[in-house]
Amino acid sequence: MTQPASRRAFAAPSVRALLAQAGAFPLTLIAVWLLARAGMPMSWEGVALIQGAFAALLAWAFRLAIWWRAIELVFPTGVLLARGFDLPPGLFLVLFVLFLLIYWSTFRTQVPYYPSGRTAWDAVADVLPADRPLAIADVGSGLGGLVLDLARRRPDSRVDGIELAPLPWFVSRVRAKLSGSRARFLRADYESVNFSHYDVVFAYLSPAAMAGLWRKAESEMRPGSILLSYEFDIPGRMPDRRIVTTNSKKILFLWQF
């Protein structure tokens, strides 16, 4: 059954974040009025803190990810500080475009940029089957570090990076070109990629995305294929293996299909 348009719109994290700030405004007015009646002087900084606290509370009630709540908390104070610096308007446009190119659909997916690092690359390489060539995908491949590393270690295999944000995808392509790597980088939403084309799918996403990742993997991945998730578990789905990475308490989770 198709959801109403209003419900689909509310499901977008960016819409809920905006509603949290809007809903906090009347609560802030009431709080400031009550404090003024009680004889407590209130500065603009104090008002911003109250607005941020109410917005963060509403973000929690709207079940937004923890980093959204942090943004809601500091956003009013950040706006106030920016006004005090008298920054040129063009700077805000440049910063907006830069963040858009880096984070792109984070407002919708709740998946920020998480660099995995060499300890994760080593752990992934160690669990890959060594007896046959593989088709490997890194969904949300960022700047392409894992993909380039695996393509170097496993020249017998096809390694694809799936990245939607334009700037990380472009940097990945340039790195592959300059290094002469056989790795491929596709600019796409991983939800549009068919997991049945891969023997191994690696993901370093966020807690908010894990349930959807599992549904997609369960419906598309072939028998004998492997789903890997770095740091983030899938609620209610016991992994077949839990690998603690070297010099780190972060875990690589493995599910065998």
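1. E72 is found in helix α4, which covers residues 66-85; helices here are DSSP runs of H or I with at least four residues, strands are runs of E with at least two, and both are numbered from the N terminus. Bear in mind that this is a predicted model: local features need pLDDT of at least 70, side-chain atom pairs count only at pLDDT 80 or more, and totals for chains, interfaces and linings use all residues. Residues are numbered from 1 along each chain as its sequence is written, and side-chain values use heavy atoms, with hydrogens and water left out.

2. Is E72 buried or exposed? E72 is buried, with a relative accessible area of 3%. The cut-offs are under 20% for buried, over 50% for exposed and partly exposed in between, using a 1.4 Å probe and protein chains only. The side chain of E72 makes a polar contact with the side chain of Q21, at 2.7 Å. For a polar contact, two N or O atoms must be within 3.5 Å; within protein, one must be able to donate a hydrogen and the other to accept it, and residues adjacent in sequence count only if both atoms are side-chain atoms. If you leave aside neighbours within four places in sequence, the contacts of E72 include A17, L18, Q21, G52 and A59, where contact means heavy atoms within 4.5 Å.

3. Now the record. An unreviewed UniProt entry carries the annotation "transmembrane region" for residues 17-36, 48-70 and 90-107; UniProt positions are given in the numbering used here, feature names are shortened, and annotations may be inferred rather than shown by experiment. In the model, residues 17-36 are 100% helix and 0% strand, with the end C-alpha atoms 28 Å apart. Residues 48-70 come out as 83% helix and 0% strand, and their end C-alpha atoms lie 14 Å apart.

4. Have a look at W33, which sits in helix α2 (residues 13-37). Together with L27, I30 and L34, W33 forms a nonpolar surface patch with about 400 Å² of accessible area. Patches take residues with over 30% relative accessible area and no salt bridge, joining like charges within 9 Å and nonpolar side chains (Val, Leu, Ile, Met, Phe, Trp, Tyr) within 5 Å. Accessible areas come from the Shrake-Rupley method with a 1.4 Å probe, and for residues only the protein chains shown count as cover.

5. On to salt bridges, meaning a side-chain nitrogen of Lys or Arg within 4 Å of a carboxyl oxygen of Asp or Glu. How many salt bridges does a search of the whole structure find? The search finds 12. R118, D122, D149, R152 and R153 are linked in a network of them. R132 pairs with D131, with the closest N and O atoms 3.3 Å apart; R132 is partly exposed at 34%, while D131 is exposed at 65%.

6. D199 and R222 form another salt bridge, with 2.7 Å between the closest N and O atoms. D199 lies in the loop between β3 (184-187) and β4 (200-203) and R222 in the loop between α10 and β5, so this pair ties together parts that are 23 residues apart in sequence. D199 counts as buried at 16% relative accessibility, whereas R222 is partly exposed at 34%.

7. S225 belongs with that pair. S225 is in the loop between α10 (210-220) and β5 (226-230), and is buried with a relative accessible area of 2%. A polar atom of the S225 side chain lies 2.5 Å from the backbone oxygen of R222. Beyond its neighbours within four places in sequence, S225 is in contact with Y198, D199, W255, Q256 and F257.

8. The side chains of E218 and R237 also meet in a salt bridge (4.0 Å, N to O). This pair links distant parts of the chain, with E218 in helix α10 and R237 in the loop between β5 and β6, 19 residues apart. E231 is found in the loop between β5 and β6 (241-244). E231 has a positive phi of about 80° although it is not a glycine, and is partly exposed at 31%.

9. Finally, the totals. The protein chain has 10 helices and 7 strands, and 40% of its 257 residues count as buried. Its accessible surface comes to about 14800 Å², with 65% belonging to carbon and sulfur atoms.
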